[in-house]
Amino acid sequence: MKPTEHSPTSVLMSPRELLDRYAAGKRGFIGVNLQGADLRGAVLKSILLWQTNLKSANLSGADLSNSHLFANLIQTNLSGADLSSAKLIYADLRKADLTCAKLFKTNLKGADLRGADLRGAKLIYTDLEDANLKGANLKGVIFFAVNLNQANLAGTDLSQTTFIKTETTSAILSEPEAN
């Protein structure tokens with residue numbers, strides 16, 4: 001099951017309302033529409049955003065550590081964000097900006113990262129099993145003990161990418177040849 005862009009039951013919420021409710025102790029938000037929201041630098045540790053639309057939102061520099069984001073994150077700015085121990089299982093991160101993001105122990109299993117920009121991101125003990133990174137920008141990325149089992153890296157320039165304690169033999173590194 002993948003996150004949807006628009007849910008018939010989605011609730012339009014302003015960034016201020018989300019931050020106020022979070023400050024009051026609420027951590028779980030379901031079906032919220034925050035498309036294009038400006039949440040730069042927001043501290044949202046351990047937040048649950050389920051079936052949430054964050055398409056084109058600005059979360060640059062945000063602290064989303066220990067969060068659970070089952071969300072539409074297409075073209076979302078997550079540059080410099082702390083996503084340590086976050087769960088983004090099957091998240092849609094197509095064309096997202098993850099430059100210099102902190103992805104320590106982040107679970108991105110099955111995530112769609114096609115065309116995402118991860119330049120300078122630090123992936124340490126990150127789970128990318130079954131993730132699609134086709135065409136992602138991985139220049140200067142360091143993979144340390146990352147699970148790339150069945151991750152699709154086809155069409156991705158890995159020439160300036162560093163792999164340390166990361167096995168790539170079970171990753172998909174090229175397109176299958178046409179018969």
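A residue counts as buried under 20% relative accessible area, as exposed over 50%, and as partly exposed in between. Phe163 has 29% relative accessibility, so it counts as partly exposed. The model described here is predicted. The same cut-offs apply to the residues below.

Phe163 has a ring partner. Phe143 and Phe163 form an aromatic pair that is stacked. The centres are 5.0 Å apart, with 15 degrees between the planes. Planes under 30 degrees apart count as stacked, which is why this pair falls in that class. Phe143 lies in strand β8, while Phe163 lies in strand β9, residues 162-164. The pair therefore ties together parts that are 20 residues apart in sequence. Is Phe143 buried or exposed? Phe143 has a relative accessible area of 1%, so it is buried.

How many aromatic pairs does the structure hold? The count is three. One of them joins Tyr125 and Phe144 in an edge-to-face arrangement. Here the centres lie 5.7 Å apart and the planes make an angle of 80 degrees. This pair links distant parts of the chain. Tyr125 sits in the loop between β7 (122-124) and β8 (142-144), and Phe144 sits in strand β8, 19 residues apart. Tyr125 has 48% relative accessibility, so it counts as partly exposed. Phe144 is also partly exposed, because its relative accessibility is 22%.

The charged end of Arg27 sits over the ring of Tyr22, at 3.7 Å from its centre. Lys26 lies over the face of Phe29. In that case the distance to the ring centre is 5.3 Å.

Next come the strands β4 and β5. Strand β4 covers residues 48-53. It pairs with β5 in the parallel sense, over five bridges. Across this pairing, Trp50 stands opposite Phe70 in β5. How many of the five residues of β5 are buried? Four of them are, so β5 is largely enclosed by the rest of the structure.

Tyr90 lies in the loop between β5 (68-72) and β6 (102-104). Tyr90 is not a glycine, yet its phi is positive, at about 60 degrees. Its relative accessibility is 33%, so Tyr90 counts as partly exposed. Cys100 lies in the loop between β5 and β6 as well. Cys100 also has a positive phi of about 60 degrees, although it is not a glycine. Cys100 is exposed, because its relative accessible area is 54%.

A search of the whole structure finds one cavity of 30 Å³ or more. The largest cavity has a volume of about 40 Å³. Which residues line the largest cavity? They are Leu18, Leu39, Leu44, Leu49, Leu54, Leu59, Leu64 and Leu69. By class, the lining has eight nonpolar residues, no polar ones and no charged ones.

Key. Residues numbered from 1 in each chain as written. Predicted model: local features only at pLDDT ≥ 70, side-chain atom pairs only at ≥ 80, totals over all residues. Heavy atoms only, no water. Helix = DSSP H or I, 4+ residues; strand = E, 2+ residues; numbered from the N terminus. Buried < 20%, exposed > 50% of the residue type's maximum accessible area, 1.4 Å probe, protein only. 1 Å grid on protein atoms, 1.4 Å probe; cavity = no way out; pocket = protein on both sides within 12 Å on 5 of 7 lines; lining within 4 Å. Points joined across faces, edges and corners; volume = space filled by probe spheres on them. Nonpolar A, V, L, I, M, F, W, Y, C, P; charged D, E, K, R; others polar. Phe/Tyr/Trp six-rings, centres within 6.5 Å; stacked < 30°, edge-to-face > 60°. Lys NZ or Arg CZ within 6 Å of the ring centre and 35° of its normal. Pairing = 2+ DSSP bridges.
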